[in-house]
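Thanks for coming, everyone. Let me put today's protein on the screen, and then we'll walk through it.

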Amino acid sequence: MAEVTEDKKVDTDSKRVHTYPLIRHSDMNDEMKTEAMELCVTACEKFASNNENAAKMIKDTMDKKFGASWHAVVGEGYGFEITHEVKNLLYMFFGGNMAIILWKCS
């Protein structure tokens, strides 16, 4: 009986959903990182069922604020390897397993 209780506890912990943004890696300055993070959260909340529109909103807004050639990927379960300009990368999670990577290259 004790084994069943322990198994249920492990399952509950592994399914914990984070509703706050979790930055995995960023080399942006603090001001740009904060703006980008807030933009990503807004886009993911606004387009909760359409990752393509969320990525487009993020990319278009970053292009207007910080110059052209921004790229954004929004989704679950993907890998990546990119080349980017120094101090222009943000990789974060939001709403559990929704990953957002945002980078600039010219």
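Start at Lys-104. Leaving out residues up to four places away in sequence, Lys-104 touches Phe-66, Gly-67, Ala-68, Ser-69, Trp-70, His-84, Glu-85 and Asn-88. Contact here means heavy atoms within 4.5 Å. Lys-104 sits in strand S4.

A word on the source. This is a predicted model: local features need pLDDT of at least 70, side-chain atom pairs count only at pLDDT 80 or more, and totals for chains, interfaces and linings use all residues. Residues are numbered from 1 along each chain as its sequence is written, and side-chain values use heavy atoms, with hydrogens and water left out.

Back to Lys-104. Is it buried or exposed? Lys-104 is buried, yet it has no salt bridge. Buried means under 20% relative accessible area, exposed means over 50%, and partly exposed lies in between, with a 1.4 Å probe and protein chains only. A salt bridge needs a side-chain nitrogen of Lys or Arg within 4 Å of a carboxyl oxygen of Asp or Glu. The nearest side chain of opposite charge is Glu-85, 4.5 Å away. For charge, Lys and Arg count as positive, Asp and Glu as negative; His and the chain ends are not counted.

Now the overall layout. The protein has three helices and four strands. Their order from the N terminus is α-β-α-α-β-β-β. These are DSSP runs: helices are H or I with at least four residues, strands are E with at least two, numbered from the N terminus. Of the 106 residues, 27% are buried.

Next, the inside. Which residues touch the most other members of the largest nonpolar core? They are Met-28, Ile-58, Met-62, Val-74, Ile-100 and Leu-102, in a core of 21 residues. H2 (30-46), H3, S2 (70-75), S3 (89-94) and S4 (98-104) each supply at least two residues of this core. H2 gives the largest share, seven residues. By nonpolar core I mean buried Ala, Val, Leu, Ile, Met, Phe, Trp, Tyr and Cys residues joined through side-chain atoms within 4.5 Å. A second, separate core has five residues, including Leu-89, Tyr-91, Ile-101 and Trp-103.

Take Val-74. Beyond its neighbours within four places in sequence, its contacts include Cys-44, Asn-51, Ile-58 and Ile-100.

Last stop, Asp-60. Asp-60 is in helix H3, residues 51-66. Asp-60 is partly exposed, with a relative accessible area of 29%. His-71 is 11 residues along the chain from Asp-60, and their C-alpha atoms are 9.1 Å apart.
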